[in-house]
Amino acid sequence: MMASVQADWKVIAFRLKEEEYALPVQYVRSIEKMQPITRVPGTAHYVKGVINLRGVVTPIIDLRERFGFASEPYGEQTRIIIAAFEDIEVGLIVDAANDVLDLPAESIEPPPEAIGSVEASYIDGVAKVENRLLILLDLAKVLDR
């Protein structure tokens, strides 16, 4: 899934810390408000547990912790993006889910070579839209597939 060979992208934009990220809409099932999460022992630190979402037990990943950012208390804007990739459905905790955007293919660039940050390996590209910079996530790598 390389940004340079894609046509236009339709994405869900969301916020982590002060940055805006995006996931292609074809992976997004729904956006949910924060809800109680049942802890599951023996999982990675960024796996917060599971929720029962309309009868489906869904694992929940805190993207802040997945990327090595400091955790923050969940607030009014915190959302769980329910995403599906191949045979997996997961919830991704984000600081806020902003909007659905159409990204023209020419606005998308490959990830910079010298990012050097923890989340660099999860980046599929960077999109410039008006005065915003969106970091496009590679869901397969976020889920370690």
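Mentor: What follows goes through the sheets, then a loop residue, and then the nonpolar cores.

This is a predicted model, in which local features need pLDDT of at least 70 and side-chain atom pairs count only at pLDDT 80 or more, whereas totals for chains, interfaces and linings use all residues. Residues are numbered from 1 along each chain as its sequence is written, and side-chain values use heavy atoms, with hydrogens and water left out.

Six strands, in the order β8-β1-β2-β11-β10-β9, make up an open sheet with mixed pairing; strands here are DSSP runs of E with at least two residues, helices are runs of H or I with at least four, and both are numbered from the N terminus. Two strands count as paired if DSSP finds at least two bridges between them. At the edges of this sheet stand β8 (96-103) and β9 (108-109), each with a single partner strand, so one side of each has no neighbour in the sheet. Within the sheet, β1 and β2 run antiparallel and are joined by six bridges, and Ile12 has Leu23 in β2 as its bridge partner.

Five bridges connect β3 with β6 in an antiparallel arrangement, and the partner of Ser30 in β6 is Ile82.

In the loop between α1 (63-66) and β6 lies Gln77, which is partly exposed because its relative accessibility is 49%; buried means under 20% relative accessible area, exposed over 50%, and partly exposed in between (1.4 Å probe, protein chains only). Leaving aside residues up to four places away in sequence, Gln77 touches Asp95, Ala96 and Ala97, contact meaning heavy atoms within 4.5 Å.

As for packing, a nonpolar core is a set of buried Ala, Val, Leu, Ile, Met, Phe, Trp, Tyr and Cys residues joined through side-chain atoms within 4.5 Å. The largest has 27 residues, of which Phe14, Leu63, Phe67 and Leu137 touch the most other members. Among the elements that each supply at least two residues of this core are β1 (9-16), β2 (19-24) and β6 (79-85). A second, separate core of 11 residues includes Ala22 and Leu101.
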